[in-house]
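Welcome! Here is a short tour of a few residues and their surroundings, one stop at a time.

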Amino acid sequence: MMENQESQNQHTLTGPVTISGVGLHTGAQVNMTLKPAPPGFGIKFQRIDLPEQPIVKADVDYVVDTTRSTTLEHNGARVSTIEHIMAALAGTGVDNVLIELNGPEVPIMDGSSQPFIEVIDEAGVQEQDAKKIYYSLDTNISYYDEVKKVEMVALPAVDYRITCLIDFNSPVLGTQHANLKGMQEFRKEIAGSRTFCFLHELEYQLSLNLIKGGDINNAIVVVDRPVTEEELQRLAKAFKRDNISVQREGILNNIQLRYPNEPARHKLLDVVGDLNLIGFPIKAHIIANRPGHASNVEFARKIKQYIKKNRHARDIPIYDPNQPAIFDLRRIERTLPHRYPFLLVDKIIDLSDTQVVGIKNVTFNEYFFQGHFPGNPVMPGVLQIEALAQAGGILALNTVPDPENYDTYFLKIDNCKFKQKVTPGDTMILKMELLSPIRRGIVEMRGTVFVGNKVVTEADLVAQIIKTRGGK
């Protein structure tokens, strides 16, 4: 897995916007409001109609049902049919948004992503002061469902593209394929494609009262067998129509297709929406043969699992003791106020406007090993965080003209995780990266401690630069 930090930043909405409609499966009338959110927030749904207004993150880990659409559930909040709004957000480049709903299901609208694209355009999209991190695959990731004959593969690529193939053994649809060569094409080529189903599926769902919000205008119904006049009348009654007809090529009610391969394009749209649940923007060429929500979600889980396991692989700093340090111990002491025994950075081997890499050699002679698990010495986690903070202090002070006249004071630590023990003989590689530009002296950083090629500790830290020593 390779992690690429592009020049592109994260995006959110300029202001709130509301769209209303009926849920396809529940028949519930729903108001959905999209609101701006801060960098790193991601996409989250909030059920404002429920007590305590619970929130569920749009994440593949919270998918609980893929029977007829993609459904999330967490913290007592359940939200279904999320795939079309998720695709619209991916297609417009929106990374951070809070989606408020006063019902259990995203409105179906016309069965495509186009209405959501339009309200996002109405709200406006704005750039944020935080980098958008893409993950580029360095190996093929495959998924195969032998029962449903679904094949999906993600291939390494320099951008995000999708090829989708469908074949339902239907003389009406035939074999179809659709391509998305880049997300810049989504709006024009994919967003307007509507959901579809076969007549036999529709009749079965109607018999079980499973599509209470169904309408001829929010789905393409493929007629895959001869239909009697009596059946057409029954369908007309179910959809509250005076009459329903079947056009020559087997599409119910003479609906004009927006594209010759609209079903294949909609399947591709669903892939975009469901893979947006990975939680990380990726660069890969996705090839999907006969995809559906269940396979999309399982494939998304597989990709996310791989990213989480390998996300640091490319960005592990390489420490060569033979190379001269950028900051040796004397230079570090001129920058930081810390001294032995509380100076926990031995050297700096990399330093830029956005990143610092420091080294801490852990020896048995460290004062803290005398009383911290003396029979089985382990470096205290809080001191690992302190070492990160000191390296972060050098990164922060490198941005001011006279660093010896400033100090950094840490204000907050979030998302701290200790994954491996650090013991005598280890060499800690301390990496701190800016998460957003420094404003008013506030520095937001992500810290990672490596020993060899393993991540042992990680945390998000916030510090403040304050003029103190020799300052006025």
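E262 is buried, with a relative accessible area of 0%. Buried means under 20% relative accessible area, exposed means over 50%, and partly exposed is in between, using a 1.4 Å probe and protein chains only.

The side chain of E262 meets that of R194 in a polar contact of 2.8 Å. Such a contact is a pair of N or O atoms within 3.5 Å; within protein, one must be able to donate a hydrogen and the other to accept it, and residues adjacent in sequence count only if both atoms are side-chain atoms. Setting aside neighbours within four places in sequence, E262 is in contact (heavy atoms within 4.5 Å) with Q176, G192, S193, R194, I220 and L257.

## About the model

This is a predicted model, in which local features need pLDDT of at least 70 and side-chain atom pairs count only at pLDDT 80 or more, while totals for chains, interfaces and linings use all residues. Residues are numbered from 1 along each chain as its sequence is written, and side-chain values use heavy atoms, leaving out hydrogens and water.

## Two annotated histidines

An unreviewed UniProt entry places the feature "active site" at H293 and H372; its positions follow the numbering used here, feature names are shortened, and annotations may be inferred rather than shown by experiment. H293 lies in helix α7 (residues 293-310) and is buried, at a relative accessible area of 13%. Its side chain makes a polar contact of 3.2 Å with the side chain of T70.

Where does H372 lie? H372 sits in the loop between β19 (355-361) and α9 (381-397). H372 is partly exposed, with a relative accessible area of 26%. Beyond neighbours within four places in sequence, H372 is in contact with P377, V378, M379 and P380.

## A buried aspartate in a loop

D426 is found in the loop between β20 (406-418) and β21 (427-434). A polar atom of the D426 side chain lies 2.8 Å from the backbone nitrogen of T423. Not counting residues up to four places away in sequence, D426 touches K360, N361, V362, K421 and V451.

## Helix α2 and its end

Helix α2 (residues 114-123) has P115, F116, I117, V119, I120 and A123 as its buried residues. After α2 comes G124, whose phi is positive, near 90°.

Key: Helices (H or I, at least four residues) and strands (E, at least two) are DSSP runs, numbered from the N terminus.
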